[in-house]
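Keep the structure open as you read.

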Amino acid sequence: MAEEGGAVKRKVEAPPPETEGIVWREDAGRFETPDGEAFLQYHLLPGGGRGGGGAPPAAAAAVMDMVHTYVPRSKRGQGLAARLCDAAFAHARGRGMRVVPTCSYISDTYLPRNPALKELVYKDHEPHPKPSSM
C-alpha cells in the first residue's frame, strides 16, 4: 500500500498477468493506471441479504456497480479498458461479490468478449441492491 498526497493506493492483490500495473484506489472507488489517467469507477451496493448491514465495504455481501470506464484519447487502442475490467472483475471474484455492469463498455463490449465472467453479473431475480454511502 502506498500513500500519495493522502490518498491510499493498493496494488490489486495476486493480480492475473493481464491486470499488472493496475492500482486499486479503495478510497476513490476506482481501479486505475498508475498515472490515474485511465480508470474504472465503481460504487459498492449492499448485497441482496447475503450479509450484515454493518459489514465493511470489502465484505462478500457487497455488490460492485461498475459505473464508468474512461481511457483518454491519447491512450486508446492499448487494451487499457479491458485491463481495468480484468482487475475489477478479479477483485469482485476474489471477494465473492456480484457485479452490476452499468458502464456500457462493460455490458456491450467487455462481457460479450469474456462470457465466463457473466456468472458474476447480478441477476434480476436476486433481491435488488440499494445505493449506499459506501
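A salt bridge is a side-chain nitrogen of Lys or Arg within 4 Å of a carboxyl oxygen of Asp or Glu. A search of the whole structure finds six of them. This is a predicted model: local features need pLDDT of at least 70, side-chain atom pairs count only at pLDDT 80 or more, and totals for chains, interfaces and linings use all residues. Residues are numbered from 1 along each chain as its sequence is written, and side-chain values use heavy atoms, with hydrogens and water left out.

Start with the overall layout. The chain holds two helices and seven strands. Helices (H or I, at least four residues) and strands (E, at least two) are DSSP runs, numbered from the N terminus. From that terminus on, the order is β-β-β-β-β-β-α-β-α. Of the 134 residues, 43% count as buried. Buried means under 20% relative accessible area, exposed means over 50%, and partly exposed lies in between (1.4 Å probe, protein chains only). A contact means heavy atoms within 4.5 Å. Among contacts in the chain with a separation of 6 or more, 49% come from residues 24 or more positions apart.

Now return to the charges. Arg-25, Asp-27, Arg-30 and Glu-32 are linked in a network of salt bridges. Within it, the side chains of Asp-27 and Arg-25 meet at 3.4 Å, N to O. Asp-27 is partly exposed, since its relative accessible area is 48%. Arg-25 counts as buried because its relative accessibility is 15%. Glu-32 also forms a salt bridge with Arg-25, with the closest N and O atoms 3.5 Å apart. Both Glu-32 and Arg-25 are buried.

Another salt bridge joins Arg-93 to Glu-119, where the closest N and O atoms are 2.7 Å apart. This pair links distant parts of the chain: Arg-93 sits in helix H1, Glu-119 in the segment after H2, 26 residues apart. Arg-93 is partly exposed, with a relative accessible area of 42%.

Next, the nonpolar interior. In soluble globular proteins, nonpolar side chains tend to be buried together. A nonpolar core is a set of buried Ala, Val, Leu, Ile, Met, Phe, Trp, Tyr and Cys residues joined through side-chain atoms within 4.5 Å. The largest one here has 28 residues, and those with the most contacts inside it are Phe-31, Leu-40, Met-64, Met-66, Phe-89 and Ile-106. Strand E5 (39–46), strand E6 (62–70), helix H1 (80–94) and helix H2 (104–113) each give two or more residues to this core. H1 gives the most, with eight.

Look at Leu-40. Not counting residues up to four places away in sequence, Leu-40 touches Gly-29, Arg-30, Phe-31, Met-66, His-68, Thr-69, Leu-84, Cys-85, Ala-88 and Ile-106. Gln-41 is found in strand E5. Gln-41 counts as buried because its relative accessibility is 18%. Its side chain reaches the backbone oxygen of Ala-28 at 2.9 Å. Leaving aside neighbours within four places in sequence, Gln-41 is in contact with Ala-28, Gly-29, Arg-30, Asp-65, Met-66, Val-67 and His-68.

What does helix H1 pack against? Its buried residues pack against strand E3 (23–25), strand E4 (30–32), E5, E6, strand E7 (98–100) and H2. Those buried residues are Leu-80, Ala-81, Leu-84, Cys-85, Asp-86, Ala-87, Ala-88, Phe-89, His-91 and Ala-92. The expected span of a helix is 1.5 Å times one less than its number of residues. For the 15 residues of H1 this comes to 21 Å, and the end C-alpha atoms are 21 Å apart, which agrees. Just after H1, Gly-96 takes a positive phi of about 70°.

His-91 lies in H1. His-91 is buried, with a relative accessible area of 4%. Leaving aside neighbours within four places in sequence, His-91 is in contact with Trp-24, Phe-31, Met-64 and Met-97.

Last, the cysteines. A disulfide is a pair of cysteine sulfur atoms within 2.5 Å. By this rule the count is zero. Cys-85 is in no disulfide, and the nearest cysteine sulfur, that of Cys-103, is 6.5 Å away. Cys-85 is buried, with a relative accessible area of 0%. Cys-103 is buried too, at 6%.

Definitions and conventions: Polar contact = N/O pair within 3.5 Å; in protein donor to acceptor, adjacent residues only side chain to side chain.
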